[in-house]
Amino acid sequence: NVLNGLRGRYGKIKMMITESGSAERKSRVDGNNYQKEIIDTHMRSVIEYQKKYHTILGYMYWTLCDNFEWDDGYKPKFGLYTMTYKKGKRICLLKDSGEYYKEAIQKAKKLL
């Protein structure tokens, strides 16, 4: 709907999608299905739109790793990687959604 709305408002313009994703309240490495559903839904929409109009220059998930949000601090977990702290060390772990995104990008390349 967003892509079609932009097309209706601005015509056939080239677009780079730079912030696509959603937060989870808990930082789960395994089974973060909500983020996988968001990736799947967004990627399908972008591929469908690109096949029809050929105006998408690129697509990037938001965000690589969990970050600070002004309203909620570090509570929302946006990232494809999660940051944990053990014994004073920062550890970066790839979530299931990160692996899923990697596979989705490979599939998208083949479809386009």
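Reader: How many aromatic pairs does a search of the whole structure find, and how is such a pair described?

Author: A search of the whole structure finds 3 aromatic pairs. One of them is formed by Tyr49 and Tyr53, which are tilted, with 4.7 Å from centre to centre and 50° between the planes. In general, a pair of aromatic rings is described by the distance of the centres and the angle of the planes. Rings of Phe, Tyr and Trp (its six-membered ring) pair if their centres lie within 6.5 Å, and planes under 30 degrees apart count as stacked, over 60 as edge-to-face and the rest as tilted. Please keep in mind that this is a predicted model, in which local features need pLDDT of at least 70 and side-chain atom pairs count only at pLDDT 80 or more, while totals for chains, interfaces and linings use all residues. Residues are numbered from 1 along each chain as its sequence is written, and side-chain values use heavy atoms, with hydrogens and water left out.

Reader: Where do Tyr49 and Tyr53 lie, and are they buried or exposed?

Author: Both lie in helix α2, 4 residues apart, which is about one turn of the helix; helices (H or I, at least four residues) and strands (E, at least two) are DSSP runs, numbered from the N terminus. Both Tyr49 and Tyr53 are buried, where buried means under 20% relative accessible area, exposed over 50% and partly exposed in between (1.4 Å probe, protein chains only). Tyr61 and Tyr101 form another tilted pair, 5.7 Å from centre to centre with 50° between the planes. Because Tyr61 lies in strand β2 (residues 56-61) and Tyr101 in helix α3 (residues 96-111), this pair ties together parts that are 40 residues apart in sequence. Tyr61 and Tyr101 are both buried, and ring pairs link Tyr59, Tyr61 and Tyr101 into a cluster.

Reader: Which residues is Ile39 in contact with, leaving aside its neighbours within four places in sequence?

Author: Contact means heavy atoms within 4.5 Å, and on that basis Ile39 is in contact with Tyr61, Leu80, Ser97, Tyr100, Tyr101 and Ala104, once its neighbours within four places in sequence are left aside. Ile39 itself is found in helix α2 (residues 33-53) and is buried, with a relative accessible area of 0%.

Reader: In which sense do strands β3 and β4 pair?

Author: Two strands pair if DSSP finds at least two bridges between them. Here β3 (residues 81-86) and β4 (residues 89-94) pair in the antiparallel sense over 6 bridges, with Ile91 in β4 as the bridge partner of Thr84. The two strands form a hairpin with 2 residues between them, and Lys87 in the turn has a positive phi of about 50°.
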